[in-house]
Amino acid sequence: MNSIVEPAVTAEENKSLISARVNAEDLGSQSFKKDYNTRYAYVSGSMYKAIASKELVVRMGKAGLIGFYGTGGIKPDEVERSIQYIQRELNEGQSYGMNLLCQPATPAMEMAAVDLFLRYGVRFVEASAFMQMTPALVKYRLKGLTKDNQGNVISKHKIIAKISRPEVAQAFLSPAPEAIVNKLVEAGQVTAEEANLAKNFPMADDLCAEADSGGHTDGGVAFAMLPSMARLRDRMCQEFGYNHAIRVGASGGIGAPEAAASAFIMGADFIVTGSINQCTVEAGTSDRVKDMLQQLDIQDTEYAPAGDMFELGAKVQVMKRGVFFPARANKLYDLWRYHNSLDEIDEKTIKQLEKKFFKRSISEVYAETKAYYEKVAPEELAKAEANPKQKMSLIFRWYFVHTTRLAMSGSDDQVVDYQVHTGPAMGAFNQWVKGTELEDW
(Lines give C-alpha, C1' and ligand atoms only; values in the text may rest on other atoms or scores of the structure.)
Protein backbone atom coordinates (compact mmCIF):
# COMPACT_ATOMS: atom_id res chain seq x y z
CA MET A 1 0.00 0.00 0.00
CA ASN A 2 1.37 3.38 -0.97
CA SER A 3 1.96 5.47 2.15
CA ILE A 4 2.11 8.72 0.22
CA VAL A 5 -1.23 10.55 0.36
CA GLU A 6 -2.00 12.98 -2.41
CA PRO A 7 -2.83 16.46 -1.05
CA ALA A 8 -6.44 17.51 -1.32
CA VAL A 9 -5.38 20.77 -2.96
CA THR A 10 -2.15 22.02 -4.51
CA ALA A 11 -0.05 24.76 -2.91
CA GLU A 12 -1.30 27.28 -5.49
CA GLU A 13 -4.91 26.28 -4.91
CA ASN A 14 -4.38 26.56 -1.16
CA LYS A 15 -2.94 30.07 -1.58
CA SER A 16 -5.97 31.04 -3.65
CA LEU A 17 -8.34 29.68 -1.00
CA ILE A 18 -6.58 31.64 1.74
CA SER A 19 -6.62 34.81 -0.37
CA ALA A 20 -10.33 34.38 -0.97
CA ARG A 21 -11.05 34.11 2.75
CA VAL A 22 -8.84 36.88 4.14
CA ASN A 23 -9.01 40.57 3.32
CA ALA A 24 -6.33 43.00 4.41
CA GLU A 25 -9.00 45.11 6.09
CA ASP A 26 -9.84 42.17 8.37
CA LEU A 27 -6.33 41.82 9.82
CA GLY A 28 -5.37 43.27 13.17
CA SER A 29 -7.39 45.16 15.72
CA GLN A 30 -10.68 46.70 14.69
CA SER A 31 -10.48 49.15 17.60
CA PHE A 32 -7.04 50.29 16.39
CA LYS A 33 -8.47 51.11 12.97
CA LYS A 34 -11.41 52.91 14.58
CA ASP A 35 -9.30 54.96 17.00
CA TYR A 36 -6.80 56.06 14.34
CA ASN A 37 -9.35 56.20 11.50
CA THR A 38 -7.38 53.92 9.17
CA ARG A 39 -8.34 51.32 6.57
CA TYR A 40 -5.71 48.86 7.75
CA ALA A 41 -4.00 48.09 11.06
CA TYR A 42 -0.83 49.45 9.51
CA VAL A 43 1.49 52.36 10.37
CA SER A 44 4.52 53.92 8.72
CA GLY A 45 6.86 54.68 11.60
CA SER A 46 8.93 57.79 12.15
CA MET A 47 12.48 58.00 10.86
CA TYR A 48 14.83 60.65 12.19
CA LYS A 49 15.86 63.83 10.37
CA ALA A 50 12.41 63.89 8.72
CA ILE A 51 13.28 60.94 6.50
CA ALA A 52 9.71 60.12 7.49
CA SER A 53 8.83 63.41 5.83
CA LYS A 54 5.77 65.61 5.89
CA GLU A 55 5.09 64.48 2.31
CA LEU A 56 5.19 60.82 3.36
CA VAL A 57 2.84 61.51 6.27
CA VAL A 58 0.39 63.32 3.98
CA ARG A 59 0.51 60.56 1.37
CA MET A 60 -0.27 57.98 4.06
CA GLY A 61 -3.13 60.08 5.43
CA LYS A 62 -4.70 60.56 2.00
CA ALA A 63 -4.53 56.78 1.47
CA GLY A 64 -6.59 56.21 4.60
CA LEU A 65 -3.55 55.18 6.64
CA ILE A 66 -1.40 56.85 9.27
CA GLY A 67 2.25 57.85 9.23
CA PHE A 68 4.41 59.51 11.88
CA TYR A 69 6.67 62.45 11.07
CA GLY A 70 10.33 61.99 12.12
CA THR A 71 11.15 64.89 14.44
CA GLY A 72 14.54 63.59 15.65
CA GLY A 73 17.31 66.06 14.84
CA ILE A 74 14.88 68.60 13.36
CA LYS A 75 14.78 72.19 14.64
CA PRO A 76 11.54 73.25 16.37
CA ASP A 77 10.62 75.88 13.78
CA GLU A 78 10.90 73.29 10.98
CA VAL A 79 8.76 70.84 12.97
CA GLU A 80 6.16 73.57 13.35
CA ARG A 81 6.16 74.33 9.63
CA SER A 82 5.76 70.62 8.92
CA ILE A 83 2.74 70.40 11.22
CA GLN A 84 1.22 73.38 9.44
CA TYR A 85 1.83 71.74 6.05
CA ILE A 86 0.33 68.41 7.14
CA GLN A 87 -2.74 70.07 8.62
CA ARG A 88 -3.29 72.12 5.46
CA GLU A 89 -3.00 69.07 3.21
CA LEU A 90 -5.13 66.61 5.17
CA ASN A 91 -8.88 66.90 5.50
CA GLU A 92 -10.79 66.56 8.73
CA GLY A 93 -10.53 62.98 9.87
CA GLN A 94 -7.49 61.97 7.81
CA SER A 95 -4.88 60.77 10.26
CA TYR A 96 -1.30 61.74 10.99
CA GLY A 97 1.07 61.64 13.95
CA MET A 98 4.33 63.08 15.21
CA ASN A 99 7.32 61.38 16.79
CA LEU A 100 8.12 62.37 20.36
CA LEU A 101 11.74 61.52 21.08
CA CYS A 102 12.98 61.16 24.65
CA GLN A 103 15.70 63.72 25.32
CA PRO A 104 17.16 63.01 28.78
CA ALA A 105 20.06 65.44 28.28
CA THR A 106 17.75 68.30 27.23
CA PRO A 107 14.35 67.81 28.93
CA ALA A 108 13.39 71.41 28.15
CA MET A 109 13.50 70.58 24.43
CA GLU A 110 11.27 67.56 24.99
CA MET A 111 8.77 69.72 26.89
CA ALA A 112 8.90 72.35 24.13
CA ALA A 113 8.00 69.65 21.58
CA VAL A 114 5.01 68.60 23.69
CA ASP A 115 3.86 72.19 24.07
CA LEU A 116 4.10 72.59 20.29
CA PHE A 117 1.98 69.46 19.74
CA LEU A 118 -0.61 70.63 22.24
CA ARG A 119 -0.78 74.07 20.66
CA TYR A 120 -1.53 72.58 17.26
CA GLY A 121 -3.90 69.89 18.51
CA VAL A 122 -1.71 66.93 17.53
CA ARG A 123 -3.68 63.92 18.79
CA PHE A 124 -1.32 61.05 18.01
CA VAL A 125 2.33 60.65 18.98
CA GLU A 126 4.83 57.83 18.59
CA ALA A 127 6.98 57.84 21.73
CA SER A 128 10.47 56.47 21.11
CA ALA A 129 13.72 55.97 23.06
CA PHE A 130 11.98 56.30 26.44
CA MET A 131 13.42 54.25 29.29
CA GLN A 132 11.13 55.81 31.89
CA MET A 133 8.28 58.29 32.04
CA THR A 134 9.16 61.97 31.76
CA PRO A 135 7.27 65.14 32.72
CA ALA A 136 6.80 66.08 29.07
CA LEU A 137 5.32 62.71 28.12
CA VAL A 138 3.05 62.68 31.19
CA LYS A 139 1.84 66.20 30.43
CA TYR A 140 0.93 65.21 26.87
CA ARG A 141 -0.98 62.17 28.09
CA LEU A 142 -2.89 63.95 30.85
CA LYS A 143 -3.92 67.15 29.09
CA GLY A 144 -7.60 66.94 28.16
CA LEU A 145 -8.44 63.79 30.13
CA THR A 146 -12.23 63.58 30.60
CA LYS A 147 -14.97 61.05 31.40
CA ASP A 148 -17.66 59.79 29.04
CA ASN A 149 -21.33 59.28 29.93
CA GLN A 150 -20.54 55.84 31.37
CA GLY A 151 -17.84 57.24 33.65
CA ASN A 152 -14.94 55.86 31.62
CA VAL A 153 -11.77 57.98 31.34
CA ILE A 154 -11.21 59.25 27.81
CA SER A 155 -7.85 60.46 26.53
CA LYS A 156 -7.67 63.23 23.97
CA HIS A 157 -4.08 62.32 23.17
CA LYS A 158 -3.06 58.83 22.09
CA ILE A 159 0.42 57.40 22.51
CA ILE A 160 1.98 54.55 20.55
CA ALA A 161 5.03 53.55 22.57
CA LYS A 162 7.94 51.94 20.73
CA ILE A 163 9.46 49.45 23.13
CA SER A 164 11.84 46.51 23.08
CA ARG A 165 12.28 45.83 26.80
CA PRO A 166 9.71 44.49 29.30
CA GLU A 167 10.53 47.04 32.01
CA VAL A 168 9.87 49.90 29.60
CA ALA A 169 6.63 48.26 28.47
CA GLN A 170 5.66 47.99 32.13
CA ALA A 171 6.16 51.73 32.61
CA PHE A 172 3.88 52.52 29.66
CA LEU A 173 1.28 50.00 30.84
CA SER A 174 1.16 51.67 34.27
CA PRO A 175 -0.55 54.93 35.24
CA ALA A 176 1.57 58.07 35.20
CA PRO A 177 4.05 58.20 38.13
CA GLU A 178 2.45 60.06 41.02
CA ALA A 179 5.54 62.12 41.78
CA ILE A 180 5.69 63.49 38.24
CA VAL A 181 1.94 64.17 38.20
CA ASN A 182 2.13 66.10 41.49
CA LYS A 183 4.97 68.28 40.21
CA LEU A 184 3.02 69.06 37.03
CA VAL A 185 -0.01 70.08 39.12
CA GLU A 186 2.15 72.29 41.35
CA ALA A 187 3.62 73.95 38.25
CA GLY A 188 0.17 74.52 36.75
CA GLN A 189 0.95 72.27 33.77
CA VAL A 190 -2.03 69.96 34.37
CA THR A 191 -5.19 70.42 36.43
CA ALA A 192 -6.09 68.64 39.65
CA GLU A 193 -9.00 66.98 37.82
CA GLU A 194 -6.70 65.67 35.07
CA ALA A 195 -4.33 64.37 37.74
CA ASN A 196 -7.16 62.59 39.52
CA LEU A 197 -8.39 60.94 36.31
CA ALA A 198 -4.85 59.72 35.60
CA LYS A 199 -4.66 57.56 38.74
CA ASN A 200 -6.02 54.46 37.04
CA PHE A 201 -5.28 55.22 33.40
CA PRO A 202 -2.35 53.77 31.42
CA MET A 203 0.35 55.92 29.87
CA ALA A 204 -0.07 54.34 26.42
CA ASP A 205 -2.94 53.20 24.23
CA ASP A 206 -0.64 51.00 22.15
CA LEU A 207 2.70 49.27 22.50
CA CYS A 208 4.81 48.66 19.41
CA ALA A 209 7.13 45.73 20.12
CA GLU A 210 10.20 46.64 18.07
CA ALA A 211 12.30 43.64 17.07
CA ASP A 212 15.67 43.97 15.32
CA SER A 213 15.28 46.87 12.93
CA GLY A 214 17.04 49.50 10.87
CA GLY A 215 18.57 52.33 12.88
CA HIS A 216 18.68 52.10 16.68
CA THR A 217 18.11 48.51 17.70
CA ASP A 218 18.33 46.24 20.71
CA GLY A 219 18.44 43.27 18.36
CA GLY A 220 15.19 41.81 19.70
CA VAL A 221 13.62 38.64 18.28
CA ALA A 222 10.02 39.12 17.17
CA PHE A 223 8.99 35.53 17.92
CA ALA A 224 10.07 35.94 21.54
CA MET A 225 9.14 39.57 22.05
CA LEU A 226 5.59 39.87 20.72
CA PRO A 227 4.00 37.01 22.74
CA SER A 228 5.87 38.10 25.88
CA MET A 229 4.70 41.71 25.57
CA ALA A 230 1.13 40.55 24.96
CA ARG A 231 1.20 38.41 28.11
CA LEU A 232 2.66 41.28 30.13
CA ARG A 233 -0.12 43.52 28.77
CA ASP A 234 -2.78 40.99 29.78
CA ARG A 235 -1.41 40.67 33.33
CA MET A 236 -1.13 44.39 33.91
CA CYS A 237 -4.51 45.24 32.42
CA GLN A 238 -6.02 42.72 34.82
CA GLU A 239 -3.97 44.07 37.73
CA PHE A 240 -5.07 47.66 37.19
CA GLY A 241 -8.58 46.81 36.02
CA TYR A 242 -8.43 49.02 32.95
CA ASN A 243 -11.76 49.42 31.19
CA HIS A 244 -10.27 49.29 27.69
CA ALA A 245 -7.75 47.05 25.96
CA ILE A 246 -4.20 48.19 25.34
CA ARG A 247 -3.06 46.94 21.96
CA VAL A 248 0.30 45.41 21.09
CA GLY A 249 1.73 45.78 17.59
CA ALA A 250 4.86 44.57 15.85
CA SER A 251 7.71 46.24 13.98
CA GLY A 252 11.20 45.34 12.83
CA GLY A 253 11.92 43.13 9.84
CA ILE A 254 8.54 43.62 8.16
CA GLY A 255 9.31 44.03 4.46
CA ALA A 256 7.30 41.32 2.72
CA PRO A 257 3.72 40.01 2.96
CA GLU A 258 4.82 36.81 4.67
CA ALA A 259 6.45 38.82 7.48
CA ALA A 260 3.31 40.89 7.94
CA ALA A 261 1.19 37.73 7.97
CA SER A 262 3.40 36.09 10.60
CA ALA A 263 3.06 39.13 12.85
CA PHE A 264 -0.73 38.99 12.65
CA ILE A 265 -0.73 35.22 13.20
CA MET A 266 1.28 35.79 16.41
CA GLY A 267 -1.46 38.14 17.56
CA ALA A 268 -0.20 41.59 16.56
CA ASP A 269 -2.96 44.18 16.73
CA PHE A 270 -1.14 46.30 14.13
CA ILE A 271 2.17 46.42 12.25
CA VAL A 272 4.70 49.21 11.71
CA THR A 273 7.19 49.49 8.86
CA GLY A 274 10.30 51.66 8.67
CA SER A 275 13.20 50.67 6.40
CA ILE A 276 11.05 50.08 3.33
CA ASN A 277 9.41 53.50 3.61
CA GLN A 278 12.65 55.40 3.09
CA CYS A 279 12.99 53.91 -0.39
CA THR A 280 9.97 55.87 -1.66
CA VAL A 281 9.44 59.05 -3.63
CA GLU A 282 8.16 60.86 -0.53
CA ALA A 283 10.96 59.91 1.87
CA GLY A 284 13.16 62.81 2.97
CA THR A 285 16.52 61.47 1.86
CA SER A 286 18.55 61.75 -1.33
CA ASP A 287 17.79 60.03 -4.63
CA ARG A 288 21.29 58.53 -4.53
CA VAL A 289 20.50 56.79 -1.23
CA LYS A 290 17.22 55.47 -2.64
CA ASP A 291 19.06 54.09 -5.66
CA MET A 292 21.44 52.29 -3.29
CA LEU A 293 18.66 50.98 -1.05
CA GLN A 294 16.85 49.58 -4.07
CA GLN A 295 19.82 47.28 -4.72
CA LEU A 296 20.04 45.79 -1.22
CA ASP A 297 19.49 42.15 -0.38
CA ILE A 298 18.77 40.75 3.08
CA GLN A 299 22.47 40.31 3.95
CA ASP A 300 23.53 43.85 3.04
CA THR A 301 23.28 45.47 6.47
CA GLU A 302 25.63 45.72 9.44
CA TYR A 303 25.69 47.01 13.01
CA ALA A 304 27.60 50.15 13.93
CA PRO A 305 27.87 52.41 17.00
CA ALA A 306 25.07 54.93 17.43
CA GLY A 307 26.52 58.41 17.14
CA ASP A 308 24.04 59.98 19.56
CA MET A 309 24.80 57.35 22.25
CA PHE A 310 28.41 56.72 21.32
CA GLU A 311 29.83 56.27 24.82
CA LEU A 312 27.02 53.91 25.87
CA GLY A 313 27.82 51.38 23.18
CA ALA A 314 24.33 51.53 21.65
CA LYS A 315 24.03 50.16 18.13
CA VAL A 316 22.35 51.15 14.88
CA GLN A 317 21.76 48.88 11.92
CA VAL A 318 22.97 50.42 8.68
CA MET A 319 23.54 49.77 5.01
CA LYS A 320 26.77 47.83 4.40
CA ARG A 321 26.74 47.31 0.63
CA GLY A 322 28.88 49.81 -1.27
CA VAL A 323 30.03 51.78 1.79
CA PHE A 324 32.79 51.76 4.41
CA PHE A 325 30.77 53.49 7.12
CA PRO A 326 30.10 50.44 9.37
CA ALA A 327 33.77 49.41 9.43
CA ARG A 328 35.01 52.97 10.00
CA ALA A 329 32.42 53.69 12.69
CA ASN A 330 33.39 50.53 14.58
CA LYS A 331 37.07 51.48 14.23
CA LEU A 332 36.38 54.85 15.87
CA TYR A 333 34.54 53.19 18.72
CA ASP A 334 37.38 50.75 19.32
CA LEU A 335 39.89 53.59 19.35
CA TRP A 336 37.77 55.44 21.91
CA ARG A 337 37.44 52.33 24.09
CA TYR A 338 41.15 51.54 24.20
CA HIS A 339 42.60 55.03 24.52
CA ASN A 340 42.15 57.81 27.04
CA SER A 341 43.06 60.63 24.68
CA LEU A 342 43.97 61.36 21.08
CA ASP A 343 47.60 61.71 22.21
CA GLU A 344 47.68 57.97 22.95
CA ILE A 345 46.80 57.06 19.34
CA ASP A 346 49.76 56.43 17.06
CA GLU A 347 50.59 58.98 14.37
CA LYS A 348 49.87 56.59 11.48
CA THR A 349 46.30 56.02 12.70
CA ILE A 350 45.74 59.73 13.24
CA LYS A 351 46.84 60.42 9.65
CA GLN A 352 44.47 57.69 8.42
CA LEU A 353 41.55 59.29 10.29
CA GLU A 354 42.30 62.70 8.83
CA LYS A 355 42.91 61.51 5.26
CA LYS A 356 40.37 58.69 4.88
CA PHE A 357 37.64 59.20 7.49
CA PHE A 358 37.33 62.93 8.10
CA LYS A 359 38.86 64.40 4.93
CA ARG A 360 40.16 67.24 7.12
CA SER A 361 42.44 67.73 10.10
CA ILE A 362 41.35 66.81 13.59
CA SER A 363 41.85 70.42 14.65
CA GLU A 364 39.34 71.50 11.97
CA VAL A 365 36.87 68.87 13.16
CA TYR A 366 37.16 70.07 16.73
CA ALA A 367 36.80 73.73 15.74
CA GLU A 368 33.49 72.91 14.02
CA THR A 369 32.37 70.77 16.96
CA LYS A 370 33.31 73.45 19.48
CA ALA A 371 31.36 76.12 17.62
CA TYR A 372 28.26 73.90 17.68
CA TYR A 373 28.45 72.98 21.38
CA GLU A 374 29.11 76.56 22.43
CA LYS A 375 25.61 77.34 21.14
CA VAL A 376 23.57 74.29 22.15
CA ALA A 377 25.35 72.57 25.06
CA PRO A 378 28.18 74.62 26.60
CA GLU A 379 28.24 72.32 29.64
CA GLU A 380 29.17 69.37 27.38
CA LEU A 381 31.95 71.44 25.86
CA ALA A 382 33.27 72.31 29.31
CA LYS A 383 33.45 68.60 30.16
CA ALA A 384 35.36 67.92 26.95
CA GLU A 385 37.85 70.70 27.62
CA ALA A 386 38.54 69.20 31.04
CA ASN A 387 38.57 65.53 29.98
CA PRO A 388 40.70 64.35 27.01
CA LYS A 389 38.66 61.17 26.55
CA GLN A 390 35.44 63.20 26.41
CA LYS A 391 37.07 65.52 23.88
CA MET A 392 38.03 62.51 21.75
CA SER A 393 34.41 61.33 21.96
CA LEU A 394 33.06 64.64 20.65
CA ILE A 395 35.52 64.60 17.76
CA PHE A 396 34.62 61.04 16.81
CA ARG A 397 30.89 61.77 17.11
CA TRP A 398 31.33 64.51 14.52
CA TYR A 399 31.94 61.74 11.96
CA PHE A 400 28.48 60.28 12.61
CA VAL A 401 26.77 63.63 12.08
CA HIS A 402 28.85 64.27 8.97
CA THR A 403 28.10 60.88 7.39
CA THR A 404 24.37 61.34 7.90
CA ARG A 405 24.52 64.73 6.18
CA LEU A 406 26.48 63.24 3.28
CA ALA A 407 23.84 60.58 2.70
CA MET A 408 20.83 62.85 3.03
CA SER A 409 22.28 65.44 0.67
CA GLY A 410 23.39 62.81 -1.86
CA SER A 411 26.88 64.34 -1.93
CA ASP A 412 29.21 63.15 -4.67
CA ASP A 413 32.05 63.31 -2.14
CA GLN A 414 32.62 60.49 0.30
CA VAL A 415 29.83 58.23 -1.00
CA VAL A 416 31.60 55.37 0.77
CA ASP A 417 31.02 57.16 4.08
CA TYR A 418 27.22 57.37 3.74
CA GLN A 419 25.43 56.45 6.96
CA VAL A 420 22.05 54.97 6.02
CA HIS A 421 19.87 53.35 8.68
CA THR A 422 18.12 50.27 7.33
CA GLY A 423 17.50 46.62 8.07
CA PRO A 424 17.03 43.31 6.21
CA ALA A 425 13.37 44.22 5.62
CA MET A 426 14.60 46.43 2.78
CA GLY A 427 16.19 43.44 1.06
CA ALA A 428 13.08 41.33 1.64
CA PHE A 429 10.93 44.03 0.06
CA ASN A 430 13.29 44.30 -2.92
CA GLN A 431 13.07 40.57 -3.51
CA TRP A 432 9.28 40.64 -3.30
CA VAL A 433 8.85 43.43 -5.88
CA LYS A 434 11.67 42.32 -8.20
CA GLY A 435 10.44 42.22 -11.78
CA THR A 436 7.24 44.13 -11.01
CA GLU A 437 6.15 47.72 -11.57
CA LEU A 438 7.06 48.41 -7.92
CA GLU A 439 10.74 47.51 -8.32
CA ASP A 440 11.82 51.07 -9.17
CA TRP A 441 11.33 53.34 -6.18
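**Cavities, a pocket and helix packing in a predicted model**

Good morning. The protein contains 18 helices and 13 strands; these are DSSP runs, H or I of at least four residues for helices and E of at least two for strands, numbered from the N terminus. Its radius of gyration is 23 Å, close to the 22 Å that the globule rule gives for 441 residues, so the protein is as compact as a globular protein of that length. The radius is taken over C-alpha atoms, and the rule is 2.2 Å times the number of residues to the power 0.38. Along the principal axes, the C-alpha atoms fill a box of roughly 75 × 70 × 45 Å.

A word on the source. This is a predicted model, in which local features need pLDDT of at least 70 and side-chain atom pairs count only at pLDDT 80 or more, while totals for chains, interfaces and linings use all residues. Residues are numbered from 1 along each chain as its sequence is written, and side-chain values use heavy atoms, with hydrogens and water left out.

On a 1 Å grid over the protein atoms alone, a cavity is a set of points where a 1.4 Å probe fits but cannot get out; a pocket is an open set with protein on both sides within 12 Å along at least five of seven lines; lining residues have an atom within 4 Å of a point. Points are joined across faces, edges and corners, and a volume is the space filled by probe spheres set on them.

There are 2 cavities of 30 Å³ or more. The largest has a volume of about 50 Å³, and its lining includes Tyr48, Gln278, Met408 and His421. That lining divides into 6 nonpolar, 4 polar and no charged residues. Here Ala, Val, Leu, Ile, Met, Phe, Trp, Tyr, Cys and Pro count as nonpolar, Asp, Glu, Lys and Arg as charged, and the others, Gly among them, as polar.

The second largest cavity, of about 30 Å³, is lined by Ala209, Ala211, Ala222, Met225, Leu226, Ala250 and Ser251. The division is 6 nonpolar, 1 polar and no charged.

Next, the second largest pocket, with a volume of about 1,500 Å³. Of its 40 lining residues, Tyr42, Ala256, Pro257, Ala260 and Trp432 are the closest to the centre. Elements giving two or more residues include α1 (11-21), α3 (54-62) and α18 (424-433), but α11 gives the most, with 6. The lining holds 26 nonpolar, 7 polar and 7 charged residues.

Finally, two helix pairs. Helices α15 (residues 362-376) and α16 (residues 378-386) pack at about 135°, with axes 6 Å apart. Axes are lines fitted to C-alpha atoms, for helices over the stretch in contact, and angles run from 0 to 180 degrees between N-to-C directions. The two helices are therefore oblique to each other; angles under 35 degrees count as roughly parallel, over 145 as roughly antiparallel, 65 to 115 as roughly perpendicular and the rest as oblique. Their contact (heavy atoms within 4.5 Å) includes Tyr366 and Lys370 of α15 and Leu381 and Glu385 of α16. Its residues divide into 6 nonpolar, no polar and 4 charged.

Helices α6 (residues 135-142) and α8 (residues 178-186), by contrast, pack at about 75°, with axes 10 Å apart, and are therefore roughly perpendicular. Pro135, Val138, Lys139 and Leu142 of α6 meet Ile180, Val181 and Leu184 of α8. This contact has 6 nonpolar residues, no polar and 1 charged. Thank you.
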